[in-house]
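User: Hi, I've got a protein open and I'm new to this. Can you walk me through it?

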Amino acid sequence: MSRRVAAVHAAAVALGGAAIAGTLARGLQQPGIALAFGMVITVGELVRVRLPGTDHSVGPLGTAGALGYALLGEAGGRATSHGALQVVAVVVTATLLGLAPHLAAERAAGRAFVLDHAVRRVLAAGFAAVCFQPLYSTGTLERWVGTGPYYALWLLAVVLLTALCDAVLAAVLAAGRTGWPYAPLLRDQLRATVGIIPAIVATGAVIALAVAVAGLWALPVFCVPLLLTQFSFRRYAAVRTTYRQTIVSLARATEVAGYTPHGHARRVAALSRAVARELGLGEPELTVLEYAALMHDIGQLSLVDPVAAGATEPLDPAQRRRIALLGGAVVRQTGVPTEVAVVVERQADPYREQPLTARIVRAVNAYEDLVARSGHGTADTSGETEPPDGRDGIAGPLHALERLRLGCARDYDPRVVEALARVVSEGKVP
């Protein structure tokens, strides 16, 4: 855990501890309201969905419930008195209760459970509560904006600003955990924020307004559609998982047929994503890159005899181009985006004519081939084979990178090769 991640987690723990201590000292105000919103947040965490292939998880019900409680000034026409500290205390308690089954399941499976989204939830709820509760309880907000449409606009501004701060916080945590550049991670988070997040956080403001007029009966009215939305996300996640598994199974056809080494496509895909992250590519480009890397060798099924160790770089350019074009034709029949087929088709082109994603796949594929063959002889880009010299087994990756640098005049993008070198040297390989 990096210092940035530790600092953010420490801030959330300190805020949550202070909120719980302050709430216990003061006493729980309006426990019925606190219990109702706490149940909404808990249920939202219980049914939270992680999107496959990404670091994002979706919990619209819990997010809207936490923001609704943070922005609640009245309930059924009567003023509330819970304050900002109680908001944080309820959010912390409800979130931990909802996460308990997930934590137990991950421990039973022997996997680490990352609490970053819970930390963000606490800090975001605290931010929204601090922006609203003190101003409302002192009457300052009423003097500034009154109780009409400007009041609703103030709530909307607070929730949108909270969403923006949450995106910044998510990028900080992701950069701290992975070491990838901060800017593209923030861009991905902002892209996600521009999508469905405004609707979710705006629903939190609407919940606060509805409860102020209709009381706690407004909660199920707004929470049931959010719960259905969350189940729709679960369905989408299942479909996306099945789709990716289909791509992976198709990519294994070359391994089953004996054309490529076992696990080669998966290793190239994982390392390609890491290099792409190092170069600042976003999630849409990463998806295209991963699918192309998984299926980059599919054209080898057209060969009568497999090439040695599945390495296509030593082949003559005409044969490599034929394999690439046939692979692209197969990929176009799978229903993946056209950009995936383009990456596969352009593998035999000079790197200056390739899109960046194709440059990454080609360089990583060549690196993987060189490292895999280092114990038995290393093929260079001219097609000749160098017998083992005793150092390949020890410094295979370094020797492979040296070979790639020698091919930067035509075959490999120097930026990609240097990014690959950083990924390997810094241990960012998944």
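User: Which residues does Leu404 touch, not counting residues up to four places away in sequence?
Analyst: Leu404 touches Ala363, Ala366, Tyr367, Leu370, Tyr412, Val417 and Leu420. Contact here means heavy atoms within 4.5 Å. Before we go on, this is a predicted model: local features need pLDDT of at least 70, side-chain atom pairs count only at pLDDT 80 or more, and totals for chains, interfaces and linings use all residues. Residues are numbered from 1 along each chain as its sequence is written, and side-chain values use heavy atoms, with hydrogens and water left out.

User: What core does Leu404 belong to?
Analyst: Leu404 sits in the largest nonpolar core, which has 51 residues. Leu404 is among those with the most contacts inside this core, along with Val275, Met295, Val331, Val340, Ile360 and Leu420. A nonpolar core is a set of buried Ala, Val, Leu, Ile, Met, Phe, Trp, Tyr and Cys residues joined through side-chain atoms within 4.5 Å. Buried means under 20% relative accessible area, exposed means over 50%, and partly exposed is in between (1.4 Å probe, protein chains only).

User: Which element gives the largest share of this core?
Analyst: Helix 16, with eight residues. Helices are DSSP runs of H or I with at least four residues, strands are E runs of at least two, and both are numbered from the N terminus.

User: How many residues of helix 16 are buried?
Analyst: 14 of its 17, so helix 16 is mostly covered. Helix 16 runs over residues 356-372 and reaches 24 Å from its first C-alpha to its last. That is close to the 24 Å expected at 1.5 Å a residue. The expected span is 1.5 Å times one less than the number of residues.

User: What about a second core?
Analyst: There is a second, separate core of 42 residues. Leu61, Ala128, Ala218 and Cys223 are among its members.

User: Is Cys223 buried or exposed?
Analyst: Cys223 counts as buried, at 10% relative accessibility.

User: How many disulfides are there?
Analyst: The count comes to zero. A disulfide is a pair of cysteine sulfur atoms within 2.5 Å.

User: New topic. Where is Thr260?
Analyst: Thr260 lies in the loop between helix 11 (253-256) and helix 12 (264-278). Thr260 is buried, with a relative accessible area of 8%.

User: What does the side chain of Thr260 make a polar contact with?
Analyst: The side chain of Thr254, at 3.0 Å. The Thr260 side chain also reaches the backbone nitrogen of Glu255 at 3.5 Å. A polar contact is a pair of N or O atoms within 3.5 Å; within protein, one must be able to donate a hydrogen and the other to accept it, and residues adjacent in sequence count only if both atoms are side-chain atoms.

User: And Val304, buried or exposed?
Analyst: Exposed, with a relative accessible area of 76%. Val304 is in the loop between helix 13 (283-294) and helix 14 (317-332).

User: What is the phi of Gln30?
Analyst: Gln30 has a positive phi of about 45°, although it is not a glycine. Most residues other than glycine have a negative phi. Gln30 lies in the loop between helix 1 (3-26) and helix 2 (31-46). Gln30 counts as partly exposed, at 26% relative accessibility.

User: Where is Thr95, then?
Analyst: Thr95 is in helix 4 (residues 83-108). Thr95 is buried, with a relative accessible area of 1%. Thr95 touches Ile41, Glu45, Ala118 and Arg121, leaving out residues up to four places away in sequence.

User: Last one. How many helices and strands are in the protein?
Analyst: There are 18 helices and six strands. The protein has 430 residues, and 49% count as buried. Its C-alpha trace spans about 85 × 40 × 40 Å along its principal axes.
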